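The following explanation is intended for a reader who meets this structure for the first time. Please keep the sequence and the model in view while reading.

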Amino acid sequence: MHYDLLVIGGGPAGYVGAIRAAQLGKKVGCVEMDRAGGTCLNWGCIPTKSLLRNAELYHLLTHRAAEFGFKFNDLSFDWEKIIGRSRTVSQKLAGGIEFLFKKNKIDYLVGEGVFNDEKTVTVTKRDGKTELHTADKFLVATGTVTRQLPDLPIDGEIVVGSKQAMVLKKQPKSIIILGAGAIGVEFAYFFNAFGTKVTLIEMLPRILPVEDEEVSAVLERSYKKSGIDVRTGTKVVSQKLSTTGVEVKLENGDSVAAEVLLVAIGVSPVLPKGLKLELERGYIKTGPRYETNIPNVYAAGDIIGPPWLAHVASWEAIQAVEGMFAGHTPKKIEVFPGCTYCQPQVASVGLTERAAKEKGLKYKIGKFPFSASGKALAVGESDGFVKLIIGEPNGEILGAHIIGAEATELIAELGLAITLEATHEEIEATIHAHPTMSEAVHEANGAAFGTAIHI
Amino acid sequence: MAEITMPKLSDTMTEGTLVKWKKKVGDRVESGEVIAEVETDKATMEMESFEDGVLTEIYIQEGQKVEIGQRIARIGDAGETPPSAAPATKAPTSAPVTPAPTAESSRPASGANRVKASPLAKKIAVQRGVDLGKVTGSGPGGRIVQRDVLNANPSSPTAASPRTAPAPMTAPVPAASGDTPPSSPPTATHGDKRILLTGMRRTIAARLLASKTQIPHFYLHIEVNAGPMMRVRAELNSALESDGIKFSVNDLILKATVAAVSRHPKVNASFDGDAVIEYEKINLAVAVAVEDGLVTPVIRDARSKSLTEISAAIKDLAARARSKKLKPEEFQGGTLTVSNLGGYGIDHFDAIINPPQSIILSIGRVMKKPIVNERDEVVAGECLNLGLSCDHRVVDGAIGAAFLGTLRRMIECPAAMLA
């Protein structure tokens, strides 16, 4: 078959790029090895949000039942059903994307795509049969996989990556999580909520190292309080399997043992086979139009490097495809939100305070704690705060950092503010409904200028 | 009598900025004549009239941005008196967007005059004294954002973002000589901007510098009587109107050029070290201004093409050039080039040869001038200046002159093109 666009990879970059091209009237094929939706939908964002919802509810019922006036005699959980619900959600959504492919008349080519040359791709189906496809343009969206430890490969039972950690057959009694980025931090919350003994080890001085320092500090306090053994600024010297699981030796001489080791130290690129693509730090190097060094081969999503986020990947794919077929000048990523779905949730957009300082920018800080928010108290979620970094003298929003319940939903307003180049005056002038958590954004904005009412 | 509205000049255009009126109130306008220059999201384009008559009213001023479909001018019957006794200086019916750089001016006005700008852009505009009405936005939907204001020069009356400034047909070449070092640029100040070269600008810089420094250029000019050609064009356009065919002045000049080159194969040639290559086919390259530069798409084997085919070919190539959809083979392999700055109001100029070609024609505008007719009377005529830049290694003065003479004959006696 000959296509206008052949997409390699069916994740958030691949499937979104394929649909956008189809909307533009192009004949599109999308090659996917596993299942439509990619890591995000099958092994990342979506199934973990399902697990975390279970964890939140269970944590609430086990730790705060009395506060809310609930009584239980024998509250218990069914691990298999918890995992099962998460898989059902993924299956349903993956099926939804396959339906969208049909609706948009996109050929969904299940199998491994390998470039024969710069213009043809062989797709090897699961039954071993091969198909040859050609296309005018290609979009490489092959994504990433978990980065492994060199001396202790993932075995799926004792040493696991995020993909295996979300389908463990039985709940481990103890787990060591290496790496306190979003993935490590989310799994730490999940396992801890169900009573697994969690040790969270991070080489850098704080958990969620890309977030604002104050946010990391509040989250670390909350984790320690809930019983997670958080070891920041801690280097692992060696790790080995033992009769009861794994043993990890730390630089300070300590050693930690657990049934399971979750490796969450980052990702590795999955490069497409058969092309000599120019790379930059291991990822595909792209130009301003998402073009690679090979004519008519474009790339988007995780495979072109950080930030490795589904919403960034989809946005990039749309930019790339509109650049190819709609005559638009594509944009490269500048401002994007980042979210971590532990409790309390963490969300941010724009610069951290440290980054603003390092750039030599003049700024003001506006901060408002949820403990002063009526809605937060009413729903029993008074942990955390909203922190805005506001440029001087013009009052543009340089960065926003939220920790607390629904932080990941609240951040959208501030993303819009940055994109529209709104200043503190527009936020001030916008009526925020009462009672909502979003009032805290308004109040944090006011706090920078001494006009917050409730603090 | 007709109301003229802002046309949709590109697929993605939602609004246009009226860059320049080419006619003023009271001027006669003929169908097909350029009445204004309009800047879209992609490029600055000419806007032709589809009506015959007199321009009786102009509703929007130069520099103003309006949405598609909004009325911008009125063309009335030839006999109709313009609504004002002094039409040229008549006050505009709607307020022009030329506000003084004050806080008031940066606030969005309502309706058509609304300047779309981000709150931050407005604030900075006030501080820097930038007139937002003169800034072209690069944000979503042409919205003016912070960087546009920072790039705009507060002291310049026509500050505009660089990517949308009308590109010259022939890129200027920096004056550089082998021996003397170039004088150092003035010290950069806060308002200055440094614009990195795009691939296209890099190519333009390299090729034209090589051309101007390595090819021994010489230049010839003649002024021809464009009247007969303009009459033929008017006749053709009226006779073929029902077929939906409409020729531009440039179409006829291209056809005349092909007819003249056919008779002078020595100008359709390249210098090749120890030989000169005379090309069998005439591959006519035409300079097209695009965003941030120019390209020269090629009408292949133009000798075998009719006027209609040439017209259609250049329309298609130019449109795709502007949307950056040309394939490389479509702008390579030209054997000579025509560059027409007539639409930009240029009387005459000398273009730089596009190597490895040996000639480039520089076409000026058709201008009304007194001319002496065959009965030795001074009458109003329409003149057109043709410039020819030649590579002296291939084309000598006499050959270039003979070619230009033939081209004059084709334009002054268009029927000769049929022969």
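The paragraphs below proceed from the chains as a whole to selected sheets and helices.

The structure is a predicted model, in which local features need pLDDT of at least 70 and side-chain atom pairs count only at pLDDT 80 or more, while totals for chains, interfaces and linings use all residues. Residues are numbered from 1 along each chain as its sequence is written, and chains are lettered from A and ligands numbered from 1 in the order in which they are written.

Chain A contains 14 helices and 24 strands; helices (H or I, at least four residues) and strands (E, at least two) are DSSP runs, numbered from the N terminus. Of its 455 residues, 47% count as buried. A residue is buried if 20 or more other C-beta atoms, placed from the backbone, lie within 10 Å of its own, exposed if 12 or fewer do, and partly exposed in between. Among contacts in chain A with a separation of 6 or more, 65% are between residues 24 or more positions apart. Two residues are in contact if their C-beta atoms, placed from the backbone, lie within 7 Å.

Where the two chains meet, nine residues of chain A are in contact with twelve residues of chain B. The chain A side of this meeting comprises two nonpolar, three polar and four charged residues. Here Ala, Val, Leu, Ile, Met, Phe, Trp, Tyr, Cys and Pro count as nonpolar, Asp, Glu, Lys and Arg as charged, and the others, Gly among them, as polar.

Attention now turns to a sheet of chain A. Strands of a sheet pair through backbone hydrogen bonds, either parallel or antiparallel. Five strands of chain A form an open sheet in the order S8-S15-S9-S10-S11, with parallel pairing; two strands pair if DSSP finds at least two bridges between them. At its edges are strand S8 (159-160) and strand S11 (229-231) of chain A, each of which pairs on one side only. Strand S9 (residues 174-178) of chain A is joined to strand S10 (residues 197-201) of chain A by five bridges in the parallel sense, and Ile177(A) stands opposite Leu200(A) in S10(A). Helix H7 (residues 182-193) of chain A packs on this sheet, where it touches S9, S10 and strand S15 (260-263) of chain A, and its direction makes about 165° with that of S10(A). Such axes are lines fitted to C-alpha atoms, for helices over the stretch in contact, and angles run from 0 to 180 degrees between N-to-C directions.

Further along chain A, Ile453(A) lies in the segment after helix H14 (439-447). Ile453(A) is exposed, because 10 other C-beta atoms lie within 10 Å.

In chain B, four strands form an open sheet in the order S5-S4-S2-S7, and their pairing is antiparallel. Strand S5 (44-48) and strand S7 (65-67) of chain B are at the edges with a single partner strand each, so one side of each has no neighbour in the sheet. On average, neighbouring strands of this sheet are turned by 40° against each other, direction ignored. Strand S4 (residues 34-39) of chain B is joined to S5(B) by five bridges, and Val34(B) stands opposite Glu48(B).

Strand S6 (residues 53-58) of chain B is largely enclosed by the rest of the structure, because five of its six residues are buried. S6(B) pairs in the antiparallel sense with strand S3 (residues 28-29) of chain B over two bridges, and also in the antiparallel sense with strand S8 (residues 71-76) of chain B over four bridges.

The buried residues of H7(B) include Leu307(B), Ile310(B), Ile314(B) and Leu317(B). Seen down the helix axis, the buried residues of H7(B) fall within an arc of 165°, so they line one face of the helix; the arc is that of the directions from the helix axis to the C-beta atoms. These buried residues pack against several elements of chain B, including helix H6 (249-263) and strand S12 (284-286). Just after H7(B), Lys324(B) takes a positive phi of about 60°.

Finally, strand S17 (residues 359-372) of chain B pairs in the parallel sense with strand S16 (residues 336-340) of chain B over four bridges, and twelve bridges join S17(B) to strand S18 (residues 378-391) of chain B, in the antiparallel sense. In the hairpin of S17(B) and S18(B), five residues lie between the strands, and Asp376(B) takes a positive phi near 60°.
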